[in-house]
Amino acid sequence: MKNILNIITHDARKLTSSVVAIITIMGLCIVPCLYAWFNIFSNWAPYESDATGRILVAVANEDNGVELLGLKVNVGDKITDALKANDAIGWRFVDSKDEAVEGVYAGDYYAALIVPEDFSMDAMSFVTGTLMNPQLIYYENEKKNAIAPKITGKAKTAVQEQVNAAFVETLAKYVSDAATVMNASGYNPQRVFSDLGGKMEDLADRLENCEAMLSAAQGLADSASSLMKVSDTLLGSAEVTAEGAEGLLDAAGKDVPDADKTHNTVSETLTKEKNLIDSNLTGINKDMTAAALNVEAYNEYILKKLPAHKTQVESMRQSAERTEKYLNDLGYTVLAGQFGEIADQLAEIETQMDQLEQADESTWEERQKQITDLSDKIDQTRKNAESIDEKKIKQLDADLLSAIKNTRQAMADARSALGGMESDLGGLSDVLAGYSKSLASLEGSLNSTDVSLSYMKNGINAIAEIFNRIGGNQTLSDVNDLLAGDQSAVAEYLSSPVKMKTEVIYPIETYGSAMAPFYTVLAQWVGALLTAVLIKTGVKKRDDLVDIKLREQFLGRYALYLFVGLAQALIVSLGDLLYVGIQCEHPVLFVLQACMNGIVFMMINYALAFSLENIGLGAGVIILVLQVAGSGGTYPVEVLPKVFQVLYPVMPFRYSMNAMRECIAGMYDHTYAKCMGALCLFFIGGALFGQIMHRPAKWINRLIAESKEKSEIML
């Protein structure tokens with residue numbers, strides 16, 4: 001202990017007796033701190049409009065517009081007007097596309113947004129019945145800056161969403177207005193389909209009467225006298241019936257959909273729903289697999305992602321239940337059963353998700369089993385969704401299309417048959433004069449007409465059943481009531497059906513405050529490394545040092561390093577708080593953590609230089625480079641190459657930054673204490689390494705020193 005105190009006293013005396021030494025120590029204490037402060041300032045608010053508004057993006061509107069119902073519409077002008085009111089990006093409005101694109105190539109602009117000539121025409125194409133997707137053309141210069149395209153890309157996405165929302169809102173308002181007009185005119189979709197079904201049933205009854213009359217006529221064909229007596233009655237009744245049936249056919253024909261214009265909307269909807277279930281469950285399973293890696297990842301998943309996943313699964317379950325009911329109503333029980341099974345499995349997934357809770361070391365195995373079982377259940381549900389037969393789904397549209405075609409064919413056959421029947425009945429009076437010949441001809445016509453009427457009656461009964469089923473569906477009434485309600489509310493809902501409510505956990509006001517832990521820790525490590533370069537680690541032999549041991553030499557000189565490290569820590573941390581003005585919930589603990597960083601970083605770099613000399617200094621630089629790239633200071637460690645993810649647990653930066661983040665944004669559990677404990681282990685490891693490796697590394701240090709001396713150019 002006496003030798004240690006002698007070294008400390010001697011170092012303090014020598015330090016204060018030299019102006020150069022004082023200036024050097026001051027530089028070591030202040031210069032690294034400047035590095036931290038300037039970087040925090042430069043990253044203070046790079047994504048705020050005050051900063052991004054200086055990123056120039058050219059806008060060229062070449063839209064010619066379109067004329068609808070005598071009204072000139074120019075969607076491009078609406079886009080440019082909206083951009084002029086948007087200060088998130090430095091929009092620059094130029095006269096032509098060529099000027100904008102040339103500016104991007106020259107580097108005058110980071111990007112260019114072009115509204116083409118036919119944009120309005122394509123945007124309003126739904127009015128004409130020819131659907132065209134309007135396109136904005138976007139150019140960006142990725143060479144000019146690495147980050148700028150990410151910022152302008154967000155602006156591009158925002159513009160696209162704004163245009164899409166306006167388009168959907170316009171279309172929704174158009175449909176809603178149409179529904180209102182129909183209701184005001186007395187047209188109700190349910191009533192229309194129900195009336196169609198009633199008319200079809202009435203027509204089938206009339207045709208059945210016609211069949212009975214034709215059967216009676218065939219029975220009377222054996223007796224000419226009997227035929228003469230009933231001919232007038234049959235003729236008048238048949239003519240009236242034929243005229244009435246033909247009128248019903250004309251009325252019903254107007255209400256039967258055109259098969260050539262029918263779209264596969266039902267199959268498309270069901271296919272999209274099963275694909276959405278598959279993709280959503282795949283994403284959820286991926287997140288759960290990542291959460292099962294360790295306790296920290298699991299707890300972070302429980303806090304940040306599980307609530308959203310619960311909501312997502314609940315929405316999928318409700319949608320699957322509605323689809324099951326819809327298919328059962330239409331009589332497709334097999335498909336309905338498949339969607340019902342998926343709905344039941346999603347309900348089980350909801351229940352298992354509700355049972356997930358945060359884990360610690362004692363409950364981690366149980367939580368791993370829970371999340372594994374849940375992952376298996378999700379995978380099974382996803383496979384069930386994949387196994388739904390696309391052919392059966394597409395058969396829905398095929399059945400509806402076939403029914404419409406059969407109905408139209410039946411009505412055409414009925415009209416033809418009724419026309420032939422009227423012709424036969426009209427000329428029956430003349431034929432009766434030669435009844436022997438006419439009876440044979442009439443009997444053949446009646447047989448043919450009877451077959452046609454029977455076929456038509458079956459087709460009309462089938463279409464009547466379909467119309468009655470559709471007319472009795474409550475969903476159709478609900479949709480009609482919704483469209484006929486508040487048009488603006490419906491339009492606004494359809495343009496943006498999902499609202500995102502964001503609740504920030506541990507909010508940080510500025511990006512600079514969020515980056516402060518990284519740049520502060522980095523500055524402290526650089527300061528420790530520079531100290532190891534400029535201050536000697538060895539102690540000269542002196543008379544006051546009697547029987548000095550390696551441990552005493554190591555700890556005695558480390559005291560000087562410790563003094564510099566604590567000075568750096570106090571200056572940089574107090575400067576962060578008082579000069580830079582970062583956000584900090586626990587400033588005292590923040591300063592304490594900076595001091596802990598200084599103690600540990602100084603020990604690591606001092607131990608490397610003490611034991612390995614030049615090799616140790618090089619090792620300190622390598623460790624610095626690895627931590628800058630892979631400690632998660634800028635990018636999440638999960639997106640970094642595998643080698644950094646493997647080294648991440650043994651990087652001191654990790655624990656120093658996490659502890660400072662706790663001080664800045666708020667504490668969680670015992671994270672701060674755990675990080676401090678991990679840094680203590682690094683301190684102990686550094687101290688042991690420096691003393692253990694000192695003597696074994698002497699020979700290689702001597703060889704390196706001799707080689708440097710021979711070069712005559714290296715210090």
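Reader: How many bridges join β1 to β5, and do they run parallel or antiparallel?
Author: This is a predicted model. In it, β1 and β5 run parallel and are joined by five bridges.

Reader: Which residue in β5 is the bridge partner of Ala 60?
Author: Ile 114 is the bridge partner of Ala 60. Ile 114 also has a bridge partner in β6, namely Ile 137.

Reader: What about β5 and β6, parallel or antiparallel?
Author: Antiparallel, over four bridges, with β5 covering residues 111-115. Another residue of interest here is Ala 112, which stands opposite Tyr 139 in β6.

Reader: What is the strand order in the sheet?
Author: The order is β4-β1-β5-β6. It is an open sheet of four strands, and the pairing is mixed.

Reader: Which strands are at the edges?
Author: β4, residues 90-94, and β6, residues 137-140. Each of these two pairs on one side only.

Reader: By how much are neighbouring strands turned against each other?
Author: By 20° on average, with direction ignored.

Reader: Back to β5. How many of its residues are buried?
Author: Five of the five are buried, so β5 is largely enclosed by the rest of the structure.

Reader: Which way do its side chains point, then?
Author: Ala 111, Leu 113 and Val 115 point one way from β5, while Ala 112 and Ile 114 point the other way. All of them are buried.

Reader: Which helices lie across the strands?
Author: One of them is α4, residues 75-84, which lies across β1, β4 and β5. Helix α4 runs at about 155° to β1, the strand of residues 56-61. Another is α5, residues 97-106, which lies across β1, β4, β5 and β6. Helix α5 runs at about 160° to β5.

Reader: New topic. How many salt bridges does the count come to?
Author: The count comes to 14 salt bridges. One of these is between the side chains of Asp 11 and Arg 557, at 2.9 Å from N to O.

Reader: How many residues apart in sequence are the parts tied together by that pair?
Author: They are 546 residues apart. Asp 11 lies in helix α1, residues 2-16, and Arg 557 lies in helix α21, residues 550-580, so the pair ties those parts together.

Reader: Are those two buried or exposed?
Author: Asp 11 is buried, with a relative accessible area of 9%. Arg 557 also counts as buried, at 9% relative accessibility.

Reader: At what angle do α1 and α21 cross?
Author: Their axes cross at roughly 35° and come within 8 Å. The crossing of α1 past α21 is right-handed.

Reader: Which residues meet there?
Author: On the α1 side, Asn 3, Ile 4, Ile 7, Ile 8, Asp 11 and Leu 15. On the α21 side they meet residues including Glu 552, Leu 555, Arg 557 and Leu 560. The residues of this contact divide into seven nonpolar, three polar and three charged.

Reader: What does Glu 357 form a salt bridge with?
Author: With Arg 367, the closest N and O atoms being 3.4 Å apart. Glu 357 is in the loop between α13 and α14, and Arg 367 is in helix α14, ten residues apart.

Reader: Which of that pair is buried and which is partly exposed?
Author: Arg 367 is buried, with a relative accessible area of 8%. Glu 357 is partly exposed, at 49%.

Reader: What else forms a salt bridge with Arg 367?
Author: Glu 366 does, with the closest N and O atoms 3.7 Å apart. Glu 366 is partly exposed, with a relative accessible area of 49%.

Reader: Where is Arg 382, and is it buried or exposed?
Author: Arg 382 is in helix α14. Arg 382 is buried, with a relative accessible area of 17%, under the 20% cut-off.

Reader: What is Arg 382 in contact with?
Author: Leaving aside neighbours within four places in sequence, Arg 382 is in contact with Asp 278, Leu 281 and Thr 282. Asp 278 is also one of the residues in the salt-bridge network.

How values were computed: Residues are numbered from 1 along each chain as its sequence is written. This is a predicted model: local features need pLDDT of at least 70, side-chain atom pairs count only at pLDDT 80 or more; totals for chains, interfaces and linings use all residues. Side-chain values use heavy atoms; hydrogens and water are left out. A salt bridge is a side-chain nitrogen of Lys or Arg within 4 Å of a carboxyl oxygen of Asp or Glu. Buried means under 20% relative accessible area, exposed over 50%, partly exposed in between (1.4 Å probe, protein chains only). Contact means heavy atoms within 4.5 Å. Axes are lines fitted to C-alpha atoms, for helices over the stretch in contact, and angles run from 0 to 180 degrees between N-to-C directions. A crossing is left-handed if the near helix is turned anticlockwise from the far one by less than a right angle, and right-handed if clockwise. Ala, Val, Leu, Ile, Met, Phe, Trp, Tyr, Cys and Pro count as nonpolar, Asp, Glu, Lys and Arg as charged, and the others, Gly among them, as polar. Two strands pair if DSSP finds at least two bridges between them.
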